[in-house]
Each structure stands twice: as structure tokens, then as C-alpha cells.
Amino acid sequence: MDPCPFVRVLVGNLALKIAAASKPARTGVHPSSSPCFCEIRLRNFPVQTVMLPLLSPESAVPEGQTLAATFHLGREDLERLAGKTLFAGRAKLTLAIYTGRRGTTCGMSSGKLLGKVSVPLELEGTESRPCVLQNGWVAVGKGKVGSAKPAAQLHLSVKAEPDPRFVFEFDGEPECSPQVLQIHGNIRQPVFTCKFNCKSGAERNSRSRSLQLDPCSSSRSWLGSLGCEKDRPSKERKGWSITIHDLSGSPVAAASMVTPFVPSPGSDRVSRSNPGAWLILRPSDGTWKPWGRLEAWRERGSGDALGHRFELITDALGGGMGSGIPLVESTLSMSKGGKFTIDMGGTGRSTPASSCSPACSPRSSGDFGNSLWPFCAYRGFVMGSTVQGEGKCSKPVVQIGVQHVSCMEDAAVFVALSAAMDLSMDACRLFSQKLRKELCVPHDNSA
């Protein structure tokens, strides 16, 4: 398998020193009660907003290594940024620094603009070698009249590094049992086939026995509920599974719905307090071995969102059979969809600001927080897959970091995870809405 070239631009080690500082705090942190934040912009990418730590004028550099934002660039992004246009000029990263609190009041920003900083992005050659674009203090804004000193100083580090990925695309919706193609430039080559199933109750019970799972254990454990039919309401979406096969027909990964998606009492939506769940499975010694667990639910709000949480199962890492290791928790728009992403390098374009970092991930240590953390072999960009909004035709595109794939089975398990995430969009549709026939258990009209 040949990977596609990608580059990621990392922005970190942010800190601000304001010239008009009052008495410095003993800890080196500016005693001002007014918070500061920064908007980081790159043309055609979503704006990323982060809080800025304030340092006293005596501080030399910020302590530790912290990652503030990440931008993931594919070939098309690199070609676009490399092209100079009449209106945009050369590619640059822009940081707008504000004092005051984040948010808006009466449609206007609550923060006061202190100044802007631009960093030129010379990305030629970064597909094969890392490059430091900025590291140190830069002036921000204008100081008082008659003073040569700037209003503030911003410390930042910007670097670009190669981040090659394998890219796959479903050539149909997962519930239609499509092929999965590997993409490399203009070449599209079949590498997997999918088989989607809606199981009956008898088939699910048989599956439960073969996996030796406790059907009545806690839904928060990876040993999620598989049975307990008498305790379930009549309306539920259950028994879905998708198996990934290689071109020889051998199963190499699977995703199985182990906790049904049911509406919360008095409503027609799956709630966060009682999410549906999938087990992501790998073959091992003639049986299926749990690798990960995906939970999904429908968030309330002005615009409904698909809430999701994914965790690795410790047994897959050689540990015990206890709770899993959380990798991501975030939301996607139910109407617009978005991108499901696992990125251990921090927040960025492919990790929404609402996502949560692993509890044991050292975000403030190591190289921008990319150092390995206990019991987890994943670092940097792990995977991302597109998810269309509900009711829309969805053919997921899956990107997987090269360092996380040593064989076809490694790629297949991420493909199975992306299929489960895509199917969760359907599983979390309001129960007042009908599903397409492929998603309905035979002779089951509850969905």
C-alpha cells in the first residue's frame, strides 16, 4: 500500500507579555484579571481559538511544551497554498490577539483586538522533511504614543512536518455492503469488501455466547449489554453489524452493535445517559477479539448533534479486561455531518474544540504533547473519516496515519470503526422517522 502525502502545521508554546504590566506575580504569571485569547487563521481552514497564558515581563520563555493548534494539509491544500494570487498573496498563518473574554455581545466580539501577527508558510519540501517556521518572541501591536516598545510580545513556535496517510473510500453506503477502495493520486484500487447484516434476536444471542459476554453488565464497560430483551422497550435499533473482508474473502475486521440504540423515556431520541454502543473487533485465533468500543447518542440543542465517545479496550493492549482507554469524545452536526477524528497531537482542524483529550495524555509535556502516554501506542494523527448528515448519501473517506498501519488488518479495523461511526448517524435518527429497508431487521417494524 502506498500512502498519500500530507503535512501538518503545528502551532504551540504560546505565551503573551503585555508591556503595561503591573506588579509581576511570584509565579511568573501576569496578575492581570483580564483574560487573553488568540484566533489562529489559515486561509480556507476553520478558525481555531485558544486562551493565552500571560507572563510577567521578567519571564524569558514559557515553561514546558504545549500544542495550541494543528492544521492538516493534503496535496490539494498544499498546491492551493503554494499558489500566489492577486488577492491573497503568499500563504501565511495569522494570529489575532485579543484581551477580554471570548464570545460575542449583541453580535460583536467581546474581546478587544491587541494586534495581529503573521507567519509566512514556506512549505516546499515539508512533505519529506520537518521545518521550523517560527520559534521565539514577536512584537504585537503598537505601544503608547512616543514609545518604541510594542503593546505586547507573543511567544510562539510554528513548525511543519510530514504526516503521510493511507486513504480509503467506500464506493457506496456502508449498509449497502460496498467495496472499499484505496486512493493514491488518481489511482483507485479495491482492497476490501463489506458485508452489512441486521441480526435477529436468535442470531444476536448466538453471537453473545460465542463472544462470552455478560448480557446484563454495565453499558459503560466494554462488556456492554447484549441481551436483557425483557428489560428493553419495544422501540429499538439493534442487531446491526458490518464485517470487513480482504479480497480473498477472509474477515479482517468487524463492527457489531452490542448495546441497542433506544429512545429515552418520554422522547424519541437516544440520550447521552443511555447511549448505543458498538464493539470494534479483530480476528484472533479463529475468534473475534475486541479492540475498541464506540458509543453514540443524540445531543439536544439549537442544532441537534451526534455525540460520540471512542475508547480502546485494554485487553487489546495486553492488559486486563477492565474499562477502556478513552481516545476521543466529541460531537458532529446531525444536519451537516463532519469528520470523526482521533488525533493525539492536540486540537486542530480534525479535532473539534469540544473534544476531550485522554486523561493520561501529557498535553503539557514532551514535543507539543506528542510523546507516548502510558498503555497507548498511538501518537500524532491516528485516523479521520467523513460522516454525512442524516438523510444524506454517505460514502465515508478514511485517512489513517502511516505509523499506525503495519498490515492490512491494521487498516481494516479503522475502516470498520469509520463504518460504525457512519451507521451511528442513522441509529441516532429520531424514532419518529423511518429508516431505509437495509437498516431494518426482517419482520421488525419498530424502527
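The legends below accompany several close-up views of one protein chain, shown as a predicted model.

View 1. Of the 447 residues in the chain, 53% count as buried. When contacts are taken between residues at least 6 apart in sequence, 64% of them join residues that are at least 24 apart.

**View 2. The largest nonpolar core and its most connected members.** In soluble globular proteins, nonpolar side chains tend to be buried together. The largest nonpolar core of this model holds 60 residues, and the members that touch the most others are Phe192, Trp240, Ile244, Trp278, Ile280, Phe310 and Ile342. Helix α3, which spans residues 408–427, gives this core its largest share, namely 13 residues.

**View 3. The surroundings of Ile342.** Ile342 is one of the residues that touch the most other members of the largest nonpolar core. Leaving aside residues up to four places away in sequence, Ile342 touches Phe310, Leu327, Val328 and Leu417, and it also touches Gly380, Phe381, Val382 and Met383.

View 4. Arg309 belongs to strand β18, which covers residues 305–312. Although arginine is counted here as a charged residue, Arg309 is buried, because its relative accessible area of 12% falls under the 20% limit. The side chain of Arg309 is joined to the side chain of Glu329 by a polar contact of 3.2 Å.

**View 5. Arg129 in a loop between two strands.** The loop that holds Arg129 runs between β8 (112–120) and β9 (131–140). Arg129 has a relative accessible area of 44%, which lies between the limits of 20% and 50%, and therefore this residue counts as partly exposed. Apart from residues up to four places away in sequence, Arg129 touches Glu124, Ala160 and Pro162. With Glu124 there is also a polar approach, in which a polar atom of the Arg129 side chain lies 3.5 Å from the backbone oxygen of Glu124. Arg129 and Asp163 are 34 residues apart in sequence, while their C-alpha atoms are 9.8 Å apart in space.

**View 6. The second largest pocket and its lining.** This pocket has a volume of about 250 Å³. Its lining is made of 14 residues, and those that lie nearest the centre of the pocket are Leu78, Ala82, Leu123, Glu124 and Gly125. Sorted by class, the lining has six nonpolar residues, two polar residues and six charged residues. Glu124, named here in the lining, is also one of the residues that Arg129 touches.

**View 7. Two residues with positive phi, Asn13 and Asp285.** Asn13 has a phi near 55 degrees, which is a positive value in a residue other than glycine. Asp285 is likewise not a glycine, and its phi is positive at about 55 degrees. Where in the chain is Asn13 placed? Asn13 sits in strand β1, made of residues 7–18, whereas Asp285 is found in the loop between β16 (276–284) and β17 (287–299). Is each of these residues buried or exposed? Asn13 counts as buried because its relative accessibility is 6%, whereas Asp285 counts as exposed because its relative accessibility is 80%.

Notes:
Residues numbered from 1 in each chain as written. Predicted model: local features only at pLDDT ≥ 70, side-chain atom pairs only at ≥ 80, totals over all residues. Heavy atoms only, no water. Core = buried A, V, L, I, M, F, W, Y, C linked by side-chain atoms within 4.5 Å. Buried < 20%, exposed > 50% of the residue type's maximum accessible area, 1.4 Å probe, protein only. Helix = DSSP H or I, 4+ residues; strand = E, 2+ residues; numbered from the N terminus. Contact = heavy atoms within 4.5 Å. Polar contact = N/O pair within 3.5 Å; in protein donor to acceptor, adjacent residues only side chain to side chain. 1 Å grid on protein atoms, 1.4 Å probe; cavity = no way out; pocket = protein on both sides within 12 Å on 5 of 7 lines; lining within 4 Å. Points joined across faces, edges and corners; volume = space filled by probe spheres on them.
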